[in-house]
Every structure is written in C-alpha cells, then in structure tokens.
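Me: I have a few quick things to ask about this one. Can you go through them with me?
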Amino acid sequence: MPPRSNPTARQVRLGTELRRLREAAGLKAREVAALLNSTSGQMSHIELGIAAVSAERVRRLASHYDCTDEVLIDALVTMATDRARGWWEEYRGVLPPAFQDTAEAEHYATSLREVVITYVPGLLQTADYARAVYTYVRPGLPESELAPRVEHRMMRRAVIEGDNPTPYETFIHECALRVRVSDRGVARAQLQQILDQIEQGHATVRVIPFDQDGFGGTGISMMYAGGPVPQLDTGLRDAPTGVAFIDAEAQLKQLRTLFRKIEAASLDPAASRDFIHSLKKEL
C-alpha cells in the first residue's frame, strides 16, 4: 500500500501512540524494525501516520513493547483497521482538512465537552447563523465555497442528534448568546435552536454570564473529546492554521483543570435554560 500523502488527524494519532509505546519500552525505531524484519523508514512512516498498519502488526508491536493494557491495544487495533468512510470524506478536497479532522474526532468521541466565548458552538448553530459567521470571517467567499461550509456544519450535528448520540456538554458565554452575527430574527431562531436541543436531550448547556466573578477565560475556546480509553482523549483548540489537536497528557490535564474552573464560573443547566429563555424574550 503506497504511503498516504495527507494522513488524517486520527491516523497521525495512531502513529503517535505507537511511538509513545516504543519510547516507553526504551527501544529505538531501528531496533524494532529489525525485530519485525522491516526498515527504519517504514517504522517512521507508521509512527507519522503516513503508512497503514495491520491489526496483526499493532499487536506484535505492543508485544515487543511489553504493553499489557489489552483495552488500549484493542482501541489501537480499531483505529488501525476501521477504514469506513464517514460522511465527512465527501468534503475532502472541497474544504480544508481541519473540517474533516474535526468531524472525524467528534464522530469517534465517547463524550464531548466544549467551551465557547464569542460564537454559538458549531454543533448547535442554525444554518442561517453559520452562514452569517462564515460570511463575516471570510468576506467575499463565493457561494461555491460558502455553501459546503454551511452544509458541513449542519452535518456535524448528527453526532448529537443521531440514533446513538454522543453525550455533549457545552459552556457558552453570554457574549456568544447576545452578539447578533446577523439580524434579530436569526438571533431569535438561534436561541430557540439551543433551547430545542436542551429540551430534546441532545445537549447539556451551561451559561457563563457577564455578571460572574472568577472567570478569566475570555480568550478560551476548546473542545475535549473523550476517547475509548483515557489515554486516547483528545483536545481541540482553535489555531491560526485551523484546529490544533492536543494529545500530550500534561496538556490534557491542563485542559481538564480549565474545564473545572469554567464549570465553577457557570450557571447550572436549569438556570442556564432560564437565562437563554430570558434573552430570547428580549428579542
């Protein structure tokens, strides 16, 4: 199988985890390559996510690395062998890779937590709201590029609205709820969309009000995607080049600490629902 030219974030993560297991075992790539009758170059490709790896090879590598965590090994095997094409693949070559990587991360997550400050979370946006955001951020974007962006954003909602919805909790700052990215009608419909998702059990929403002491995270927007095992949790943060994927344990620990601080500065779900109702009445 030829090397991949553009591995997905999930494929890169598999390679990263295999490299971590090797390094924890104190082995060099060339030593492992010799054990497998392979080459250092092939090992490098596997650990970069450029080369595919079979279930058998994942298990052989885990054995060489003295990894006895069967749950983790099974999760890595699943990552290596699950080659189903998700709906997001239809947008490959149409939208930047970050769009597909984000949708893929959400699809495979066992739980999702998100905090947003300036915009309504993408998973809760209406089409009109999303269109207004993209139009503002990318002025002059032709309809041929704008339409698939909005469509992709609406498709992402399947992760919380489908037959097997992923538990989703989001913390939304009052700023995001009050800013009108379009007109009053779009703003009202957007607030109603959030309320509908709460009512249908698709989302747990907690509001961070302006009138709240102890919140210094106005520049923080991030998502925490739970993995099939804790070692495969992933953080997603906005970056100048798109989305930055975080998988180092020290950084994930920091994200979990931030979420605890944000939770402490938020209204509980019932109070948040009432708060959004009151904002909608103002419109």
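Me: How does Tyr108 count on accessibility, buried or exposed or in between?
Reply: Tyr108 counts as partly exposed, at 22% relative accessibility. This is a predicted model.

Me: What sits over the ring of Tyr108?
Reply: The charged end of Arg10 does, 3.6 Å from the ring centre.

Me: How many aromatic pairs are there?
Reply: The count is six aromatic pairs. Take Trp88 and Tyr108: the ring centres are 6.4 Å apart and the planes are at 70 degrees, so that pair is edge-to-face.

Me: Why edge-to-face?
Reply: Because the planes are at 70 degrees, and over 60 counts as edge-to-face.

Me: Where do Trp88 and Tyr108 lie?
Reply: Trp88 is in the loop between helix H5 (70-81) and helix H6 (97-108). Tyr108 is in helix H6.

Me: Is Trp88 buried or exposed?
Reply: Trp88 is buried, with a relative accessible area of 2%.

Me: Which residues form the aromatic cluster?
Reply: Trp87, Trp88, Tyr91 and Tyr108 form one cluster.

Me: Switching to helix H1. How many residues, and how far does it reach?
Reply: H1 runs over residues 9-24, which is 16 residues. From first C-alpha to last it reaches 22 Å, close to the 22 Å expected at 1.5 Å a residue.

Me: Which H1 residues are buried?
Reply: Among them are Arg10, Arg13, Glu17 and Arg22. Leu14, Leu18 and Leu21 are buried too.

Me: What comes just after H1?
Reply: Gly26, with a positive phi of about 75 degrees.

Me: Back to Glu17 and Arg13. What do their side chains do?
Reply: They meet in a salt bridge, 2.8 Å from N to O. Both residues lie in H1, four residues apart, about one turn of the helix.

Me: Why does that spacing matter?
Reply: An α-helix has 3.6 residues a turn, so residues three or four places apart point the same way.

Me: What are the accessibility values of Glu17 and Arg13?
Reply: Glu17 is buried, with a relative accessible area of 7%. Arg13 also counts as buried, at 7%.

Me: How many salt bridges in the whole structure?
Reply: A search finds 18. One of them joins Asp74 and Arg59, at 3.0 Å from N to O. Asp74 lies in helix H5 and Arg59 in helix H4 (residues 55-64), so the pair ties together parts 15 residues apart in sequence. Asp74 is partly exposed at 35%, and Arg59 is partly exposed at 38%.

Me: What about Arg113?
Reply: Arg113 forms a salt bridge with Glu169, the closest N and O atoms being 2.8 Å apart. Arg113 is in strand S1 (residues 111-116) and Glu169 in strand S2 (residues 168-173), so the pair ties together parts 56 residues apart in sequence. Arg113 is partly exposed at 24%, whereas Glu169 is buried at 17%.

Me: Which residues do shared partners join into one network?
Reply: Arg13, Glu17, Arg20 and Asp247, through their salt bridges.

Me: Last one, Asp233. Where is it found?
Reply: In the loop between strand S4 (222-226) and strand S5 (234-239).

Me: What is the nearest side chain of opposite charge to Asp233?
Reply: Arg256, 4.3 Å away. Asp233 is buried yet has no salt bridge.

Me: What polar contact does the side chain of Asp233 make?
Reply: One with the side chain of Tyr224, at 2.9 Å.

Definitions and conventions
Residues are numbered from 1 along each chain as its sequence is written. This is a predicted model: local features need pLDDT of at least 70, side-chain atom pairs count only at pLDDT 80 or more; totals for chains, interfaces and linings use all residues. Side-chain values use heavy atoms; hydrogens and water are left out. Rings of Phe, Tyr and Trp (its six-membered ring) pair if their centres lie within 6.5 Å; planes under 30 degrees apart count as stacked, over 60 as edge-to-face and the rest as tilted. Helices (H or I, at least four residues) and strands (E, at least two) are DSSP runs, numbered from the N terminus. Buried means under 20% relative accessible area, exposed over 50%, partly exposed in between (1.4 Å probe, protein chains only). A charge sits over a ring if NZ of Lys or CZ of Arg is within 6 Å of the ring centre and within 35 degrees of the ring normal. The expected span of a helix is 1.5 Å times one less than its number of residues. Lys and Arg count as positive and Asp and Glu as negative; His and the chain ends are not counted. A salt bridge is a side-chain nitrogen of Lys or Arg within 4 Å of a carboxyl oxygen of Asp or Glu. A polar contact is a pair of N or O atoms within 3.5 Å; within protein, one must be able to donate a hydrogen and the other to accept it, and residues adjacent in sequence count only if both atoms are side-chain atoms.
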